[in-house]
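This report covers a few local features of one protein model. The sequence and the structure come before the findings.

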Amino acid sequence: RDYKVTGVQTCALPISFEPFLESFRTLKATFASDRLIHAHQFGFAERVGSLSLNVNNVPDTNSLFPSDAAGSFFWGKTITDTIQQVEVEISTVDAFCQTNGIAHVDLLKIDTQGAEARVLQGSEAMLREKRISCVYLEIILVPTYQGQAKFHEILKLLDDRSYSLFSIYNLVYRPWCDRLLQFDAIFTATESGTAHAGEGFTLTR
């Protein structure tokens, strides 16, 4: 995985999370000389504790969910094949913010390979209280992981907490099967006010 941050204002505090040790070491090495970036070796879900992470042939596809056999048709053979399972530390966004005295998050970016809804469930208080301005997440449309959230489920989860779809980006389309496989989406708090000089989260797994 390539890690990079562009266009970050100096008033922001980017915080990144990666539970898989190999990927975490890459993250730390990439930003070793940048004191602005804070990295933590754990992931997020709907509860605090530990969970099994499915480690796949391509680390970018590691997930808390088992791979769906149908995924190889869309992404390529062996891409999401699981080679091992490891126990990883898990927290919730709510718990992390409470423990670290974080009152507001400007941007919550989630790329957790099908487990985005679980991260949102663990952000219940921050979302309900509108203490997150924007949510940027990846939405997978084709069968890739067993148990992955469907687009309409994520829409409802955020709509129920008064977050509206702002726009979509980075569409991944396969012409040979005439399918849109995934895209990134930004949701904003419906009643969000002026921007805060707060924290930005990046959840990479």
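Lys-130 is partly exposed, with a relative accessible area of 25%. In this predicted model, Lys-130 sits in the loop that runs between helix H5 (124–128) and strand S7. The phi angle of Lys-130 is near 55°, which is a positive value in a residue other than glycine.

The value of 25% falls between the limits of 20% for buried and 50% for exposed, so Lys-130 is placed in the middle class.

## Asn-170 in S8

A positive phi also occurs at Asn-170, where the angle is about 50° although the residue is not a glycine. Asn-170 belongs to strand S8, which spans residues 163–174. The relative accessibility of Asn-170 is 49%, and the residue therefore counts as partly exposed.

## Strand S7 and its partners

Strand S7 covers residues 132–140 and is mostly covered, with eight of its nine residues buried. S7 pairs with strand S6 (residues 105–110) in the parallel sense, over five bridges. One of the contacts is given by Val-105, whose bridge partner in S7 is Ile-132.

S7 also pairs with strand S9 (residues 179–189), here in the antiparallel sense and over seven bridges. Within S9, Asp-184 stands opposite Glu-138. In a regular strand, side chains alternate between the two faces of the sheet.

## The cavity

How many cavities of 30 Å³ or more does the structure hold? There is one. The space in the largest cavity is about 30 Å³. Rolling a probe the size of a water molecule over the atoms shows where empty space is left.

The largest cavity is lined by Gly-114, Glu-116, Glu-138, Ile-139, Ile-140, Gln-148, Ala-149 and Ile-154. S7 gives the most to this lining, with three residues. Glu-138, which stands opposite Asp-184 in S9, is also among the residues that line the largest cavity. By class, the lining of the largest cavity consists of four nonpolar, two polar and two charged residues.

Notes: Residues are numbered from 1 along each chain as its sequence is written. This is a predicted model: local features need pLDDT of at least 70, side-chain atom pairs count only at pLDDT 80 or more; totals for chains, interfaces and linings use all residues. Side-chain values use heavy atoms; hydrogens and water are left out. Buried means under 20% relative accessible area, exposed over 50%, partly exposed in between (1.4 Å probe, protein chains only). Helices (H or I, at least four residues) and strands (E, at least two) are DSSP runs, numbered from the N terminus. Two strands pair if DSSP finds at least two bridges between them. On a 1 Å grid over the protein atoms alone, a cavity is a set of points where a 1.4 Å probe fits but cannot get out, and a pocket is an open set with protein on both sides within 12 Å along at least five of seven lines; lining residues have an atom within 4 Å of a point. Grid points are joined across faces, edges and corners, and a volume is the space filled by probe spheres set on the points. Ala, Val, Leu, Ile, Met, Phe, Trp, Tyr, Cys and Pro count as nonpolar, Asp, Glu, Lys and Arg as charged, and the others, Gly among them, as polar.
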